[in-house]
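Have a look at the structure first, then read on.

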4 protein chains.
Amino acid sequence: MTESNNTIKVAVLGHRGRMGSEAVAAVERAPGLELVAALGRGDDFLTLVDSGAQVMIDLTVPESTRDNVRFAIDHGIHAVVGTTGWDAQALADLESQLAEHPEVGVLIAPNFAVGAVLAMKFSEAAAAFFESVEVVELHHPDKLDAPSGTAARTASLIGKARREAGVADSPDATQTDPDGARGAVVDGVHVHSVRMRGLVAHQETLLGNTGEQLTIRHDSFDRISFMTGVVLGVREVAKHPGLTHGLDGYMDLGL
Amino acid sequence: MTESNNTIKVAVLGHRGRMGSEAVAAVERAPGLELVAALGRGDDFLTLVDSGAQVMIDLTVPESTRDNVRFAIDHGIHAVVGTTGWDAQALADLESQLAEHPEVGVLIAPNFAVGAVLAMKFSEAAAAFFESVEVVELHHPDKLDAPSGTAARTASLIGKARREAGVADSPDATQTDPDGARGAVVDGVHVHSVRMRGLVAHQETLLGNTGEQLTIRHDSFDRISFMTGVVLGVREVAKHPGLTHGLDGYMDLGL
Amino acid sequence: MTESNNTIKVAVLGHRGRMGSEAVAAVERAPGLELVAALGRGDDFLTLVDSGAQVMIDLTVPESTRDNVRFAIDHGIHAVVGTTGWDAQALADLESQLAEHPEVGVLIAPNFAVGAVLAMKFSEAAAAFFESVEVVELHHPDKLDAPSGTAARTASLIGKARREAGVADSPDATQTDPDGARGAVVDGVHVHSVRMRGLVAHQETLLGNTGEQLTIRHDSFDRISFMTGVVLGVREVAKHPGLTHGLDGYMDLGL
Amino acid sequence: MTESNNTIKVAVLGHRGRMGSEAVAAVERAPGLELVAALGRGDDFLTLVDSGAQVMIDLTVPESTRDNVRFAIDHGIHAVVGTTGWDAQALADLESQLAEHPEVGVLIAPNFAVGAVLAMKFSEAAAAFFESVEVVELHHPDKLDAPSGTAARTASLIGKARREAGVADSPDATQTDPDGARGAVVDGVHVHSVRMRGLVAHQETLLGNTGEQLTIRHDSFDRISFMTGVVLGVREVAKHPGLTHGLDGYMDLGL
């Protein structure tokens with residue numbers, strides 16, 4: 001058996017985009033991965049098959065990601081998908097197709113930053129063990145929405161975990177707050193948004209009990225941080241047939 | 001059925017000590033718990049039985065904790081133990097005794113601060129997913145040893161998790177460090193100890209990949225923070241027969 | 001000349017209050033200070049004179065602080081005042097009286113925590129050198145108002161410094177913020193209020209330029225932190241005749 | 001009077017280097033600055049004069065910076081210098097030359113990151129008002145030396161400020177530290193060096209009194225942060241004839 005048999009052959013779809021071009025470079029850097037195709041808008045799908053790719057990374061656009069993944073599954077190619085646009089119907093269709101190809105694995109991950117995934121996971125896990133919990137997110141000042149989607153989702157997961165455990169809302173005696181300094185409330189959890197030149201994407205979950213505080217903070221300094229997760233996904237996808245939603249599905253936290 | 005049937009009857013051993021007196025107050029404050037006995041050196045063990053205690057909290061001294069727990073088990077009383085001094089032989093003897101009392105639960109916890117337990121757990125769980133990891137602990141300047149026991153144990157758990165996952169040591173190109181600024185190395189993990197007036201006990205685990213950082217920080221502002229964990233232990237011990245080592249054994253992290 | 005000539009004789013007014021009792025203990029601990037009187041409501045003012053006090057610490061109530069200070073000045077006793085209630089008219093009257101007693105010093109300080117005073121000072125000094133600046137304050141959940149008075153004052157000082165230097169408002173492209181995650185705006189500066197069990201009083205000023213961030217954080221873990229500033233005030237008040245407003249008036253920052 | 005009279009004409013020396021190319025871009029972006037020349041190794045000095053440059057930015061190498069600055073002064077061109085290599089003799093020679101050209105300003109700055117300069121300044125200013133002070137610096141893992149030069153210099157400034165104010169060393173009861181977790185000691189100040197993938201250059205000064213902590217943190221995420229200081233230097237250098245050492249000489253901190 002030659003060494004190449006142990007190498008995972010990888011194709012990148014959307015290779016001219018910001019994320020796609022990072023992925024091309026990441027695959028080329030990663031030991032044990034071999035880039036066999038890099039495709040963009042207008043390229044022929046068959047190249048994907050001809051290249052012998054075992055895993056496809058889809059970093060294209062919502063309009064095309066479903067067709068790309070459908071094609072890959074039909075040809076027995078595993079898929080690691082970072083493109084958004086997968087609604088409930090699309091996911092249901094995907095599950096149906098995968099039922100006919102039980103050996104193929106698909107990972108759909110809204111966030112490939114390993115640290116961001118863990119920060120959300122840990123926040124959810126810790127949520128019910130503290131009397132108080134709030135979320136602070138900090139981003140560059142060109143961001144259009146507040147709070148960030150990740151912060152809102154983190155707060156929702158926290159709120160859900162607390163309700164399921166029967167934990168009361170965080171205590172708050174505030175009577176006077178004329179200008180809204182207490183921030184937004186998402187699923188019972190206060191969320192604060194800071195906008196600051198020099199920052200990229202940062203988030204803290206603060207959890208407090210009498211006499212103690214637990215802080216879980218993630219700093220994303222650069223989009224390149226997603227590549228650690230993309231490479232992790234490529235390495236693991238063949239071992240996880242069927243649909244996995246969220247990179248944490250591949251992370252054995254041993255907890 | 002009367003309300004008292006749902007109440008857990010609790011005895012505190014070592015009630016005159018710093019921790020013990022906090023525990024007395026914590027039990028009295030906690031809904032659903034009833035303090036039925038508070039004993040110290042020289043008091044009669046039988047009081048424990050006569051009080052109808054269902055759970056005993058042992059916050060005494062290493063010299064007496066084993067006898068206390070043995071007595072409790074023999075009388076069908078669950079035990080929540082914060083006292084140190086349980087070596088391998090003592091634990092083995094305890095397991096033997098518990099085998100004869102399969103309905104009795106014993107929790108031995110080196111740390112009852114919920115946040116500290118979670119910080120250690122999360123640090124261990126995340127350790128293998130990052131290229132770099134270091135630990136910084138910060139304590140009051142009257143502390144005699146460096147690094148702290150908790151920091152050393154956290155570093156050991158991190159080092160073990162990384163070795164088991166086949167992760168390389170954190171990269172470090174340092175060639176010149178004449179005064180030891182890089183700190184201690186415990187099981188391959190750098191540990192730094194800050195001593196500062198005003199602080200109590202604080203610890204950060206820093207984990208880094210290209211483009212991102214995850215920080216898990218615990219601040220212990222006051223010994224009273226242990227009481228959240230003690231009360232959690234009292235509520236859960238009857239549901240976990242046999243020996244449980246570490247408060248996290250009672251914390252369903254859903255991960 | 002005996003050593004006692006170098007000792008500063010101190011009286012504490014309001015010695016039964018929370019702050020006053022801390023001040024009594026702090027004076028007794030401080031080298032070079034001697035507690036010669038501790039007075040509360042109903043005690044005779046003349047005791048102050050008879051005690052030979054050189055410096056009076058007023059930690060009483062807004063209703064009596066003016067009379068206390070007036071009496072002290074008339075008797076040539078310097079005053080360190082932590083009581084609130086000094087409006088513009090009261091300060092003007094005080095200045096008039098001091099003009100007749102040019103050797104007497106009075107310090108009126110809204111905040112005696114050395115670190116809090118410096119954090120505010122540094123925030124103001126740095127404000128004009130950064131494109132972005134925001135303030136986050138974190139307090140215990142029993143606090144009734146948001147934002148905290150200190151945070152609002154810090155934001156005002158920052159806003160004023162930026163306007164005077166002709167610096168534009170911090171950039172902010174937010175178009176969608178339905179729940180108010182961006183917090184309050186005080187004098188053009190965003191202020192966020194976190195409420196969390198376990199905390200006391202904490203504040204961060206975040207300042208950002210392209211590629212860098214400066215963070216100035218103050219943690220107040222305990223009211224006892226005010227005593228460092230009270231003792232500093234007592235040591236310095238005789239060297240600063242006339243009225244000084246704010247502890248920073250006694251702190252030579254060498255900048 | 002035409003608009004160009006208000007514009008500052010700028011030349012960049014070392015325009016092909018990493019810093020120099022950033023400076024070219026920064027000058028082109030900055031309102032009120034006009035790039036009139038960009039020179040590198042082998043280019044003719046006279047271009048500098050012919051371009052009509054009013055201010056020269058020197059980001060070359062230690063071997064040539066002295067000649068560059070000497071030439072600029074002789075031709076009445078102000079100089080903003082980020083190149084290292086200015087020893088005591090070189091500075092003395094520079095002062096002599098400037099004495100003959102009293103209208104010319106020269107700024108030599110070891111660090112152009114505005115936040116880093118302020119962090120060092122504030123650390124020095126605060127040093128004598130706290131019982132404890134330590135420095136933690138965090139850098140990428142490819143750094144060869146520990147501690148960083150900036151951290152060592154910050155510690156020295158802190159140590160000097162404390163000695164001059166008669167403040168005792170930070171308290172430290174450590175008796176057992178077999179592996180050096182307490183880090184390096186520079187001028188009586190403990191310094192800790194963290195090395196972590198994902199980071200660039202970060203530093204914290206921690207200052208503690210009973211019951212409070214002040215933290216001054218600077219994060220440098222990107223070399224581009226130096227450009228804020230370079231542009232500030234260019235705008236101010238003509239207003240400050242003679243030699244100024246350190247960017248803070250141009251920053252009116254109002255303290």
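This is a predicted model, so let's start with how its copies are related. Chain D can be laid on chain B with an RMSD of 0.0 Å, using a turn of 180 degrees and a shift of 0.0 Å along the axis. That's the relation of a two-fold axis. If you want a landmark in chain D, look for Gly183(D): its C-alpha is the one nearest the axis, 2.3 Å from it.

**Chains B and D**
- Of the interface residues of chain D, 100% are also interface residues in chain B, so the copies meet through the same surface.

**Chains A and C: extent of the contact**
- Chain A puts 44 residues into the contact, and chain C puts in 44 residues.
- About 3,200 Å² is buried between chain A and chain C, with carbon and sulfur atoms giving 58% of that area.

- Polar contacts link 18 residue pairs between chain A and chain C, counting pairs with both residues at pLDDT 80 or more.

**What chain A brings to chain C**
- Four stretches of chain A each give two or more residues to the side that touches chain C: strand 6 (132–139), strand 8 (189–195), strand 9 (201–209) and strand 10 (212–220).
- Sorted by class, that side of chain A has 18 nonpolar, 14 polar and 12 charged residues.

Conventions
Residues are numbered from 1 along each chain as its sequence is written. Chains are lettered from A and ligands numbered from 1 in the order in which they are written. This is a predicted model: local features need pLDDT of at least 70, side-chain atom pairs count only at pLDDT 80 or more; totals for chains, interfaces and linings use all residues. Side-chain values use heavy atoms; hydrogens and water are left out. Contact means heavy atoms within 4.5 Å. Buried area is the accessible area (1.4 Å probe) that two parts lose on being put together, summed over both. A polar contact is a pair of N or O atoms within 3.5 Å; within protein, one must be able to donate a hydrogen and the other to accept it, and residues adjacent in sequence count only if both atoms are side-chain atoms. Ala, Val, Leu, Ile, Met, Phe, Trp, Tyr, Cys and Pro count as nonpolar, Asp, Glu, Lys and Arg as charged, and the others, Gly among them, as polar. Copies are superposed by least squares on the C-alpha atoms of residues with pLDDT of at least 70 in both.
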